[in-house]
Structures are given as structure tokens and as C-alpha cells.
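Try each task yourself before you read its solution.

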Amino acid sequence: MSKWYCLNCSDEQERDSRPDSCSVCGSDAKLMINREDVALPGTPEDVRDIARKRLKGLCAAYPFCDGGFDKVCQKEAYGKPIGFGGAGQGRSFAANYASLMNIRLKMRVVGDHIEPDTSTEFLGMKLDFPVMGASTAGIEKYNDAMPERDFCRAVVRGCRDAGTIGWRGDTWFYTPDDNPALDVLKDENLKKDIDGTALPGRGIAIFKPRSQDVLKRLITLAEEAGCPAVGLDLDGCGSTIMARHGQPVFRKSINDLTELVRFTSLPFITKGIMSVEDALACADAGASVISVSNHGGRVLDSTPGVAEVLPEIASALKGRVFITADGGIRTGYDVLKMIALGADAVLLGRDVIRAAVGAGALGVKIHMEHIKKVFKKAMFMTGQNSVKGIDGSILC
Ligand SMILES: Cc1cc2nc3c(=O)[nH]c(=O)nc-3n(C[C@H](O)[C@H](O)[C@H](O)COP(=O)(O)O)c2cc1C
């Protein structure tokens, strides 16, 4: 008999041979490890080593995930499906990374001793640190890395176990009738505690900008799935693969957005905002969250980096809406920089995918906890007590 451990739900079962799936959460055999043969991954590097093998040819889990042309995602994907890379020559992807590299932190070590409080609040929910799992989708199609539902579960659970929230994405093989993200969100968000009390919803659905009618159906399903918020990645309007699979996407007008904001009782997130004009339009339409993002550089080549446009958007809207930023954030130091530039919280995309592919929910938890640890250290070394108090004065 061997002990088989599920990386997504931590259940351990005694079996003679590898189970086909976890009997508790249903995760695939890929997420089951024999603890007598293999040690559980314990560090982000352990997790990335496994992801590197599983994503061979698509992503080498480099120490510098910078969108450079020397990286497998860019050089081998040029002219081919986008994989893990950026659109075109990857200039927007590279700009995200470079714009953060160009910002420096002012070290402040003289003053009272402090124990930084990394916690914050997002739409009335407490986060242990201002970092969430970005909306991503389609991982099942990458080297058959893991079934899509297991991926979604890994992100939502891993984020929750680390004290934060996982957003879920949308792609061409998700439909209102067969939707891996919504299935998992329903399962995870409506979970009851052992004593029967409902646990707070911890997974958010972000949909592609489909037709208004389809979106209303999806939003209703997200409400039924206990999501604490719902939104659109407006920059997904350029996707051609959605239309090719009979699921067309559209640019959205202020009227379209207002209609959706009024349709739902949930706070509304608009993701993929890279200009003050769009940000103000979304706020005017009633969005609660403006998500400053260029989709990790995957939708339009040659945009500025997110860290370059964030300050202007934040100065126009800080305090009126919740502002998130994502793109090229790889470390707790980067998190601090984005908060100092005006974000209320940030999202991690590729790193959370790699963590989920490497070791399911456990991998995501390990990665997120590491980010939190480094963020806390960065706060300490720049003399910051609380997330709310962080501002541009710590940058140089
Ligand atoms: C493989 C992949 C799939 C993605 N899928 C989605 C999606 O379905 N919806 C969405 O809003 N954004 C999607 N994104 C963009 C992320 O939410 C996020 O904006 C981006 O990854 C942040 O940049 P980073 O990867 O450098 O952290 C995807 C990104 C990647 C790399």
C-alpha cells in the first residue's frame, strides 16, 4: 500500500496503485503524488522545476520571465499560437517587466521598529496581502498540462489557502452550458464549513466581452455560484479565436457597461484598462474595480508597460474605485512598487499558472505565501507599516 496525496485538496489515500483521480475532489491523477516516493514540493523553486517539465516548449519557468526574444515563449511562438508569450514581438509583455525594473525603492532603516501589516480590504473582504490570482484560462490546451477544472480549482483553492482570492478567466472552449470556471467557483464558493456555516466566497468570474445576452446568462450563473464580484476583460475584444469557435466578442460602449452594472447585484470589474479615458468611462458606467492591465501583453503589441500608465489612472480615480494592476509582477518588491504607483492590489498571471501546473493548489499557496513574505520584507525595509500608507514617496 502507498500513500497518495492530492495536491489540490490535501487528501491522502492508501492505495496499491496510482488512483485515476482523487476520490474527494475529483482532481486528475496528475495531481496525485505517492508520498513514499516523492517529497511534497516545499518551495517556489520545487514547484517551478515541475512546471518547467510539464510546460516544455511553451515556458521554461525562467528566473526572468520578461517577454524577451531569447525566451522560449517568444522565440518559438513567433507567428504561431501565442502560448505563454505576448502578442507580436512581445514588446508589450517586455514593457510590463521593463517598466517595473526601471523603478527603484528608497531604503529607510532609521526609525521606530515596525511589524508591517500586509493585510488589506477588497470589496469588503479581508485579504492577508494585496495580491490576487489573475483571471486566466485555457491551460488544458497547453501540453495537456492539467484538466481545466483542476487548474481552476488549483487557483481558487491555492489563493484561498494563502489568504487571498483567485479570479477565473474565460476562453473559446468555455460556454454558458459547459463552463469549467463556473463549475469550480460554484463548488468552492458555496462550500460550507464543518459546522455548516457558509464560507465567504473566494473566487471571482471574469468573462470575455461576449454579446450582452450571453453575458447576462453568465453573470446570473456567477451570482448563483456565490461569486463576490463579476467582471469583463474588455481587452479580450480583439480575440479572434473566440469568434472562430462561434463565441464572438465585442468592444463595449459605456451604455453596454452601464446595462451590465445595473443588471447584476454584484460589484463589477472592468479589466484591460490602459488609458485614463477608458478608466473614467468605466467608472462613469458604475464599475467598482478598474483593473489596469494589457492582458500580460497578449492582446496588442507595443503598448506601454502597466507600471507606466498606472500613476495617471490612479491620480484620476484613486478613492473613487478600487484599482488593481497586473503585468510583469514577479516578486514582493514588484508588488510594493505597484502599490506605491497607485494600485490598491495587484494580480499575478503567468506565475500563478506555473504554480498551479507545478503543484496544484499547494503550488499556488506556496507561491503566494512567498510573495507575501517578500512583500512584508519590502515594506519593512522601506519603513511602511500598512498597505494604506504606501505611496510614491518610497520610490526613487
Ligand atoms: C496563458 C494566459 C491565459 C490568460 N487568460 C486570461 C483570461 O482568460 N482572462 C483574462 O482576463 N486574462 C487572461 N490572461 C491575462 C492575465 O489575467 C493577466 O492580465 C496577465 O497574465 C498578467 O501578466 P503576467 O502574466 O505578466 O503576470 C491570461 C494570461 C495568460 C498568460
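**Exercise 1.** How many nonpolar, polar and charged residues does the shell around the ligand have?

*Solution.* Before counting, note that this is a predicted model: local features need pLDDT of at least 70, side-chain atom pairs count only at pLDDT 80 or more, and totals for chains, interfaces and linings use all residues. Residues are numbered from 1 along each chain as its sequence is written.

Step 1: collect the shell. A residue is near a molecule if its C-beta atom, placed from the backbone, lies within 6 Å of it. The ligand is surrounded by 25 residues, and the closest are Ala134, Gly169, Asp233, Gly296 and Gly349.

Step 2: sort by class. Ala, Val, Leu, Ile, Met, Phe, Trp, Tyr, Cys and Pro count as nonpolar, Asp, Glu, Lys and Arg as charged, and the others, Gly among them, as polar. The shell then has seven nonpolar, 12 polar and six charged residues.

**Exercise 2.** Find the strands that pair with strand 11, and describe how the chain reaches them.

*Solution.* Step 1: locate the elements. Helices (H or I, at least four residues) and strands (E, at least two) are DSSP runs, numbered from the N terminus. Strand 11 covers residues 289-292.

Step 1: look for partners. Two strands pair if DSSP finds at least two bridges between them. Strand 10 (residues 268-273) runs parallel to strand 11 and is joined to it by four bridges. Strand 12 (residues 322-326) also pairs with strand 11 in the parallel sense, over four bridges.

Step 2: follow the chain. From strand 11 it passes through helix 10 (residues 306-317) to strand 12 in a right-handed β-α-β crossover (with the strands pointing away from the viewer, the path from the first strand over the helix to the second runs clockwise).

Step 3: zoom in on Val292. This residue stands opposite Ile273 in strand 10 and opposite Ala325 in strand 12.

**Exercise 3.** Is Asp112 buried or exposed?

*Solution.* Step 1: recall the cut-offs. A residue is buried if 20 or more other C-beta atoms lie within 10 Å of its own, exposed if 12 or fewer, and partly exposed in between, with C-beta atoms placed from the backbone.

Step 1: apply them. Asp112 has 6 other C-beta atoms within 10 Å, so Asp112 is exposed. Asp112 is found in the loop between helix 3 (91-101) and strand 4 (120-122).

Step 2: contrast this with strand 11, where Val289 and Ser291 on one side and Ile290 and Val292 on the other are all buried.
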